[in-house]
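Visitor: Please show me the structure, and then let us talk through how some of its parts are arranged.

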Amino acid sequence: MIQGQVISALLPHFIYHPDNVNILSEVSWVFTYLASSGEFSEEIVKNGVLTQIVVLLIQLSEVVTPLLRCLGNLCSGPDEYTVMACENQQLLPVLGTYLSSNHRHVKKETLWVLSNLTSESKACSAVTHSPLLHQILEQVPAAFDIKMEALYVLCNLAIHGEEICSYLVDNGVLQQVTPVLKSSDVEILNLGLSLVEMALRMTQNGCHVFEECDGVTRLEALDYHNNDTIRHQASELLDVYFYGESQTPIRQRGINKTPIYSLNRICNISSANIMLSDDFNSGNIDWSNSSVIPSKPDPSLHQHLLDIILQEHNLTKVIDKPTRNDSTLDLLCMSNQSLVNSRNIATTRRP
C-alpha cells in the first residue's frame, strides 16, 4: 500500500475546505491507522503529514478526533517528531482549547497527545510552565478514562527530574492526586502511587505537603490492599518517608512513632479533646521536671518527644509515677486534664 504511493496520493485531499470536510475526515482516519503501528511513521512524517496535522488542528473545530489520534501516534515515536510538531508555537495553546472541550472524547484524545508530547524534555518543560498544567490538574477528579490519561501526563512530566517535580508540587499536584489513592482501580492506584513516590523522592517539601493532604492516611489504608503490588508500594512509601529509621527524629529507633504522627494530624482539629496514651519506651526522661536525663543515650530523640508533647501540642502529662520499675515508659497525656477524675497505676503479674 505504501509502496503504491498511497500517502502522496492522499495529500491533495489533506487540506481544509468547507466542501471537503467529509473527505478530510476519512483521509485523517487513514493516516491515523497507518501511524498506529509506527511502521509507516517515517514515511508519513517525510511527506509533511505531521506538520499539516498541526496546521489543521489550529484551523479547525471539526475532524478533531482523528487528527489528535494521529498526532498522538506519531509523537509516541522518536523525539524528533515531537520537536517538529512543537515548532508551531500555536500547538500548545490550541491543545488547551481542546482540553476545555465539552466533548469527553476530545479531552481524552488531547490528554493522549500530551502524554506522548511530554516524553520529550523541551515539550515537557513547555507544558509544565504553561496554562496547560492547571488544565491537566483539573482533569484528575474527572471520570475514570479522563482521570487515567491525566495521571499518565503528570507522571510523564514528573519523571523529568527535580526541577519539574518541584514545580508540580508547588502548583498543587499532590492536592489533586492524593484523593486518587482511594480508587478501587489498580491501574489508577499504580499511577497515583508512582506520582506520589516521585514527589516525595525528588522534592524538599513533598512529604510536608503530602501529610497536609492526609496522604499518609491513604497510604495506611492501602497497606492492607488485596493487591500485592499496591500493598508493597504503599508500605515502602510509609517506611521510607514517614516511618523509616533513617528519617527525622520521630521516625528513628527507640520511640514508637505512629502515635506521634497521628497526633500531628489530629491536632489540626482545633476543637478536639486529645488523649495520647502509649508505651513510648522513653525511659531517659525525668518526667518530674520534664527534662532529659543527662548522660543517657539518644538525648536529642527524647528531647524531641518532650517538645512534641509539651510544647508543640500543649498536652499535659497525667501519669506522674513510674509504670515499669523506676521508669515512666507508659504515657497518658491530655489536652484537657479536667476530663480525668482519678488515676491509678495497676501492677500486672505473670502467672
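Visitor: In what crossing does H9 pass H12, left-handed or right-handed?

Guide: This is a predicted model, in which local features need pLDDT of at least 70, side-chain atom pairs count only at pLDDT 80 or more, and totals for chains, interfaces and linings use all residues. Residues are numbered from 1 along each chain as its sequence is written, and side-chain values use heavy atoms, with hydrogens and water left out. A crossing is called left-handed if the near helix is turned anticlockwise from the far one by less than a right angle, and right-handed if clockwise. By that rule the crossing in which H9 passes H12 is left-handed.

Visitor: How are helix H9 and helix H12 directed, roughly parallel or roughly antiparallel?

Guide: Helices here are DSSP runs (H or I, at least four residues), as are strands (E, at least two), numbered from the N terminus, while axes are lines fitted to C-alpha atoms, for helices over the stretch in contact, with angles from 0 to 180 degrees between N-to-C directions. Helix H9 (residues 121-128) packs with helix H12 (residues 162-170) at an angle of about 20°, the axes being 11 Å apart. Angles under 35 degrees count as roughly parallel, over 145 as roughly antiparallel, 65 to 115 as roughly perpendicular and the rest as oblique. The angle therefore makes H9 and H12 roughly parallel.

Visitor: In what crossing does H5 pass H8?

Guide: The axes of helix H5 (residues 64-75) and helix H8 (residues 104-117) come within 8 Å and cross at roughly 20°. H5 and H8 are therefore roughly parallel to each other, and the crossing in which H5 passes H8 is left-handed.

Visitor: Is Glu 109 buried or exposed?

Guide: Buried means under 20% relative accessible area, exposed over 50%, and partly exposed in between (1.4 Å probe, protein chains only). Arg 69, at 29%, is partly exposed, whereas Glu 109, with a relative accessible area of 10%, is buried.

Visitor: How many residues apart are Arg 201 and Glu 197 in helix H14?

Guide: The side chains of Arg 201 and Glu 197 also meet in a salt bridge, at 2.6 Å from N to O. Arg 201 is partly exposed at 45%, and Glu 197 is partly exposed at 24%. Both lie in helix H14 (residues 186-202), about one turn of the helix apart, a spacing of 4 residues.

Visitor: Is Asp 228 buried or exposed?

Guide: Asp 228 forms a salt bridge with Arg 231, the closest N and O atoms being 2.3 Å apart, and both residues lie in helix H17 (residues 228-243). Arg 231 counts as partly exposed at 29% relative accessibility, whereas Asp 228, with a relative accessible area of 53%, is exposed.

Methods. Salt bridge = Lys/Arg side-chain N within 4 Å of Asp/Glu carboxyl O.
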